[in-house]
Amino acid sequence: MDTTMWDAIIVGGGAAGLSAGVVLARARFATLVVDGGAPRNGPADHMHGYLTRDGMAPSAFIATGRDEFTRYGGTLALASVTAARRAADGMFELRLDDGRALRARSVLVATGLTDELPDIPGLPERWASQVHHCPHCHGYEVRGRTIVVIGSAMAATSAHLAALLRRYSDSVTFCVNATEIGEVERRRLTAYGVRVIDARVTAITASAGPPGAASPVAVVLGNGETITCDAVFVAPRPRPHDAVPAMLGAARDPETGLIAVDARGATSVPGLWAAGNVVNPRAQVVTAAGAGSTAAIAMTAWLLDRELAAAVEGGVR
């Protein structure tokens with residue numbers, strides 16, 4: 001076992017985790033970020049909506065964040081957590097996939113999520129290049145182009161996606177794809193200028209375009225029709241990576257099923273926080289970074305309070 005007693009271990013080194021790490025390291029707490037190296041937005045070429053970082057490649061963002069974190073004395077471990085428990089002395093014990101066992105006074109989980117896509121051939125291969133899920137992240141880049149929205153198990157989100165993308169383009173087709181939408185929502189979309197098609201989508205393929213132009217996408221339907229477009233949007237089902245807080249006994253929100261946190265990111269387990277997409281699937285990069293910073297500031301207060309109590313009692317932290 002690693003004999004280091006970390007003040008804070010952050011599980012997940014994306015926007016939330018690294019932002020939290022910088023705050024804690026700057027406050028001179030011994031901080032370790034454990035990162036498995038598979039960020040949610042890793043396949044994307046660029047990100048948007050983050051002031052002063054608009055258009056930056058996610059890989060460059062992570063590399064810059066790691067540099068800032070380690071520059072302030074933080075430690076980075078490229079690994080994944082396979083087990084977590086609360087020891088009898090109240091410390092957190094984590095085991096990594098490389099065999100290491102770690103102990104910490106506090107833990108922040110910022111492990112993000114996986115986007116579960118509809119089972120449509122050709123869709124995963126084009127994910128984050130020609131197939132997107134967030135208009136706020138990628139809608140502006142395809143403004144004025146032909147757009148197809150494919151319905152998914154996230155019915156309400158799919159309909160909202162089709163409506164919002166209509167603001168970016170006069171040519172938006174919503175392939176319902178067996179998504180359950182009511183007649184009222186259907187009329188609203190149609191009246192707003194969205195073409196609504198009920199057929200299932202059977203495949204996404206490449207379509208030959210003019211020389212020098214971006215390759216268009218062919219959306220193949222079960223009724224034999226093929227729609228050629230410039231971009232496809234779909235609402236994936238979010239699958240949070242919440243195994244660590246679950247192992248530590250964190251309560252879930254009874255309505256959403258997500259790990260429950262307060263406004264500062266604290267879970268029901270004292271000393272355990274969670275931030276970013278693992279508890280807020282809709283959070284963009286800037287939102288996740290802010291949540292990580294908020295959680296880290298709360299963690300510094302929590303850790304400091306225990307140090308003050310130990311000082312009064314003459315104990316050792």
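Me: What should I keep in mind about the numbering and the model?
Reply: Residues are numbered from 1 along each chain as its sequence is written, and side-chain values use heavy atoms, with hydrogens and water left out. As this is a predicted model, local features need pLDDT of at least 70 and side-chain atom pairs count only at pLDDT 80 or more, while totals for chains, interfaces and linings use all residues.

Me: Which residues touch the most other members of the largest nonpolar core?
Reply: In soluble globular proteins, nonpolar side chains tend to be buried together. A nonpolar core is a set of buried Ala, Val, Leu, Ile, Met, Phe, Trp, Tyr and Cys residues joined through side-chain atoms within 4.5 Å; buried means under 20% relative accessible area (1.4 Å probe, protein chains only). Here the largest core has 31 residues, and L24, F61, L108 and W273 touch the most other members.

Me: Which helix gives the most to this core?
Reply: That is α7, with nine residues; helices are DSSP runs of H or I, at least four residues, and strands are runs of E, at least two, numbered from the N terminus.

Me: How many aromatic pairs does a search of the whole structure find?
Reply: A pair of aromatic rings is described by the distance of the centres and the angle of the planes. Rings of Phe, Tyr and Trp (its six-membered ring) pair if their centres lie within 6.5 Å; planes under 30 degrees apart count as stacked, over 60 as edge-to-face and the rest as tilted. The search finds two pairs. One of them joins W273 and W302 edge-to-face, at 5.7 Å centre to centre and 80° between the planes. W273 lies in strand β17 and W302 in helix α7, 29 residues apart, and both are buried.

Methods: Buried < 20%, exposed > 50% of the residue type's maximum accessible area, 1.4 Å probe, protein only.
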